[in-house]
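These are my notebook entries on one structure. I looked up charged pairs, nonpolar cores and the surface, in that order.

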Amino acid sequence: MDKDKIDKKDHILDVAEKVFSDQGYDGASTRSISGEAGVNMAMLNYYFGSKEGLFLAVFNRKINSFKDLLQDLGNDEHLSSWAKVETYLDMYAERVVNNNCFQKMLYQEMSMNKRTELSENLTQILMQNVNEFHKILKEGVDNGEFNEDVDFEMVTATIYGTKNFIINAPQLTSMMLGYDILDENNLEEKFKPRIKAYQKKLLRAYLVKENDKTQNTYPAYVK
């Protein structure tokens with residue numbers, strides 16, 4: 001595929017992500033997306049086939065970029081397993097907070113009361129990144145840095161669940177936290193550093209053996 005076609009597809013995906021985030025999957029239409037992107041319906045259907053195909057392409061692009069970062073992180077021989085977990089928590093917080101509307105809409109599509117073919121496809125794609133994270137946890141167990149009885153699945157649920165509860169119940173959590181959780185400045189300046197610090201402290205206590213001397217130093221990764 002030549003560069004012009006790649007650029008055109010990326011432009012459509014950029015527009016589609018914004019429309020899906022603003023209007024939700026059910027509220028968005030391929031006609032409104034094609035109009036906002038400045039392309040005709042024939043081109044959109046040629047590239048993506050349907051609204052579901054377009055949504056999956058948007059999601060797949062986001063997941064694949066994060067998967068590449070996770071694979072690079074997991075293969076970095078200069079980092080301890082705990083440093084990799086810390087870096088993962090930083091990357092995850094950056095991505096989910098910066099894409100809050102899309103993340104909320106995504107998990108609504110994957111909710112238990114919407115077991116559609118679309119939600120099943122989204123789950124399978126998301127599991128790619130879950131598996132990459134589990135590789136990091138397994139490395140820590142295998143090299144003796146982490147406790148032998150680590151529950152990989154519950155660690156993952158803790159990371160995802162904390163964010164989902166706070167973001168997806170904004171009225172309750174805004175009252176609980178004392179600030180509007182939907183305000184972008186609050187998300188950036190208050191919530192993001194708080195969830196990073198909390199999850200690092202929590203997971204270090206659970207994962208790392210008491211006699212471990214791992215330092216909390218690691219290189220910055222591209223978010």
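How many salt bridges does the structure hold? I found 13 salt bridges, a salt bridge being a side-chain nitrogen of Lys or Arg within 4 Å of a carboxyl oxygen of Asp or Glu.

**Basis of the entries**

I note that this is a predicted model, in which local features need pLDDT of at least 70 and side-chain atom pairs count only at pLDDT 80 or more, while totals for chains, interfaces and linings use all residues. Residues are numbered from 1 along each chain as its sequence is written, and side-chain values use heavy atoms, with hydrogens and water left out.

**Entry 1: Arg61 and Glu17**

I looked up the salt bridge between Arg61 and Glu17, whose closest N and O atoms are 3.8 Å apart. This pair links distant parts of the chain, since Arg61 is in helix 4 and Glu17 is in helix 1 (residues 3-27), 44 residues apart. Helices are DSSP runs of H or I with at least four residues, numbered from the N terminus. Buried means under 20% relative accessible area, exposed over 50%, and partly exposed in between, with a 1.4 Å probe and protein chains only.

**Entry 2: Lys138 and Asp142**

I recorded a salt bridge between the side chains of Lys138 and Asp142 at 2.7 Å, N to O. The two are separated by about one helical turn, because they are 4 residues apart in helix 7. Asp142 is exposed at 55% relative accessibility, and Lys138 is partly exposed at 44%.

Which residues do salt bridges with shared partners join into one network? I listed Asp90, Glu94, Glu188, Lys192, Lys196 and Lys200. Within this list, I examined Lys200 and Asp90, which meet in a salt bridge of 3.0 Å, N to O. Lys200 lies in helix 10 and Asp90 in helix 5, so the pair ties together parts that are 110 residues apart in sequence. Both residues are buried.

I then turned to Lys196, which is placed in helix 10 (residues 184-207). Lys196 is buried, with 15% relative accessibility. Setting aside residues up to four places away in sequence, Lys196 touches Leu89, Asp90, Ala93 and Glu94; contact means heavy atoms within 4.5 Å.

**Entry 3: nonpolar cores**

I took a nonpolar core to be a set of buried Ala, Val, Leu, Ile, Met, Phe, Trp, Tyr and Cys residues joined through side-chain atoms within 4.5 Å. The largest core has 37 residues, of which Val85, Tyr88, Phe146, Ile159, Phe191 and Leu207 touch the most other members. Two or more residues each come from helix 4 (51-74), helix 5 (81-98), helix 7 (117-142), helix 8 (152-168) and helix 10. Helix 5 gives the largest share, 10 residues. Beyond four places in sequence, Leu207 has contacts including Trp82, Val85, Leu137 and Phe146. A second, separate core holds 25 residues, among them Val19, Ala28, Leu54 and Val58.

**Entry 4: surface**

Lastly, I noted Phe165 in helix 8, which is partly exposed with a relative accessible area of 40%.
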